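Visitor: I would like to learn how to read a structure of this kind, one feature at a time. Could we look at it together?

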Amino acid sequence: MRIIGHIDMDAFFASIEERDNPRLAGRPIVVGSDPEDGKGRGVVSTANYAARVYGIRSALPISTAWRFSEAARKKGLPPAVFLDVNMRKYGEVSERIMEIVRRHVLPDSKGIVLVEQSSVDEAYLDLSFAGSYEEAERVAREIKNDIKTKEWLTASVGIGPNKLIAKIASDRQKPDGLTVVREEDAEAFLEPLGVRVIPGVGPKSEAAFMKRGIRTVRDAKRMTKAGLIEMMGKWGAELYLKLRGRDDAPIVLEWIPKSIGEQTTFNEDIPVNRSLKDRKALEAALAALAKNVHRRLLREIADGMPFTTFRSIGITVRFSDFITKTRIVTLKEPVKASSPVALKTIQFQALRLFMPFLDRRENPLIKAIRLLGVKVERFK
Ligand code: TTP
Ligand code: MG
């Protein structure tokens with residue numbers, strides 16, 4: 001019997017800060033870029049649960065988070081504490097947690113510990129060795145306890161027949177949750193949930209479902225496989241199975257990033273039609289981002305990532321009104337990251353994708369630009 005667990009740390013960056021600054025215990029905490037008294041232009045990385053009560057969450061503009069905190073303060077509630085991101089520290093904690101998790105997972109017949117780290121604070125673990133859901137639940141409790149006593153942090157765990165169900169289950173009873181969904185209960189577990197719980201169903205697919213009067217997984221199951229394929233393309237076939245709780249994705253030992261990207265928010269929005277200087281600044285920012293992306297790619301490869309080439313280059317453009325566009329190009333041939341032309345290729349392609357945003361082709365209202373990003377993908 002296959003039993004898969006998914007562990008996800010609660011309010012990860014914020015919980016670490018709360019732990020390390022006892023004076024902050026119980027206060028709303030926001031980890032992210034500098035709010036600059038409400039004028040800051042970055043975003044929230046995460047907020048603890050006390051700050052989430054104010055509506056503050058990951059990816060919210062930090063200025064909005066500041067406003068929410070001020071509104072709370074005016075009501076006599078404690079304002080949020082804003083803290084910088086200390087990525088090095090969170091990375092170290094993450095490594096120790098993954099070590100704890102691995103210690104509780106029995107190696108398979110080939111001696112391999114089936115734990116897949118899937119982000120800084122998440123991992124999938126193969127609990128099939130436990131032999132039963134009761135026993136898997138016991139292992140999960142031990143892991144949670146171990147993390148609590150060794151790192152003073154809480155985690156939420158989901159257990160299910162596959163990665164899909166485990167992942168959705170880990171999110172159901174946050175924080176400090178443990179949710180077990182047996183194979184025979186998987187369909188009933190999913191049915192009342194909104195379609196967005198299925199990984200891969202984003203805001204656009206959700207809107208497309210809404211148009212058809214579909215809100216929950218139960219509603220979506222009314223659609224035939226052919227209907228889903230017509231609506232979503234090839235992915236519809238996979239979605240058809242996921243809506244029924246079925247998923248056979250394996251635990252992947254070596255987690256290979258799907259893309260490497262960097263983005264930057266400008267201190268002020270940069271207009272595209274004011275001066276040559278602005279254009280030069282935008283192009284320079286793009287070139288610098290490409291350089292950082294290339295450097296990170298080389299570092300990943302040096303660190304043992306099992307790929308050496310990339311094939312796609314993408315950009316992100318966010319306008320002053322927050323409308324965000326992405327464009328991507330896939331080259332005929334993969335480019336070796338270590339090739340002397342690799343950096344030039346990223347820079348050239350990023351610029352080529354970006355040029356139409358400087359005029360009406362991609363920017364009909366000639367809006368100013370708030371953020372630029374560059375990424376590479378399609379590694380092999
Ligand atoms: P999440 O697991 O998505 O969030 P979380 O751990 O803060 O909260 P939850 O209890 O809901 O799991 O992300 C893990 C960390 O990754 C998070 O602490 C901060 C970082 N992060 C960002 O920097 N930006 C983001 O947009 C998101 C979603 C996360
Ligand atoms: Mg988390």
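**Domains, ligand and pocket**

Guide: Let us begin with the division of the protein chain, which falls into domain 1 (4–10 + 87–182), domain 2 (14–83), domain 3 (191–242) and domain 4 (259–377). Please keep in mind throughout that this is a predicted model.

Visitor: How many Å apart are the C-alpha centres of domain 2 and domain 3?

Guide: The C-alpha centres of these two domains, domain 2 and domain 3, are separated by 34 Å.

Visitor: Turning to the ligand, which residues are closest to ligand 1?

Guide: A shell is read from the residues that have a heavy atom within 4 Å of the molecule. Here ligand 1 is surrounded by 14 residues, and the closest are Ala11, Thr46, Tyr49, Arg52 and Asp121. For Asp8, the distance from a polar side-chain atom to an oxygen atom of ligand 1 is 3.1 Å.

Visitor: How much of ligand 1 does the protein bury?

Guide: Ligand 1 taken alone exposes 550 Å², and 70% of that is buried by the protein. Two or more residues of the shell come from each of β1 (4–9), α1 (12–20), β3 (44–47) and α2 (49–52).

Visitor: How should I read a pocket, and what is the volume of the second largest pocket?

Guide: Rolling a probe the size of a water molecule over the atoms shows where empty space is left. In this model the second largest pocket has a volume of about 500 Å³, and among the 20 residues that line it, Glu116, Tyr124, Lys163, Ala249 and Lys258 lie nearest its centre. The elements giving two or more residues to this lining are β5 (115–119), β6 (122–126), α6 (163–170) and α11 (235–242). Nine of the lining residues are nonpolar, two are polar and nine are charged, and at least three come from each of domain 1 (4–10 + 87–182) and domain 3 (191–242).

Visitor: Finally, which backbone details deserve a look?

Guide: The peptide bond from Lys174 to Pro175 is cis, with omega near -10°, and Pro175 is placed in the loop between α6 and β8 (178–180). Ala59, in the loop between α2 and α3 (62–74), has a phi near 75°, which is a positive value in a residue other than glycine.

Note on methods
Residues numbered from 1 in each chain as written. Chains lettered and ligands numbered in written order. Predicted model: local features only at pLDDT ≥ 70, side-chain atom pairs only at ≥ 80, totals over all residues. Heavy atoms only, no water. Domains from an automatic or database assignment. 1 Å grid on protein atoms, 1.4 Å probe; cavity = no way out; pocket = protein on both sides within 12 Å on 5 of 7 lines; lining within 4 Å. Points joined across faces, edges and corners; volume = space filled by probe spheres on them. Helix = DSSP H or I, 4+ residues; strand = E, 2+ residues; numbered from the N terminus. Nonpolar A, V, L, I, M, F, W, Y, C, P; charged D, E, K, R; others polar. Polar contact = N/O pair within 3.5 Å; in protein donor to acceptor, adjacent residues only side chain to side chain. Areas by Shrake-Rupley, 256 points an atom, 1.4 Å probe, with all protein chains shown as cover.
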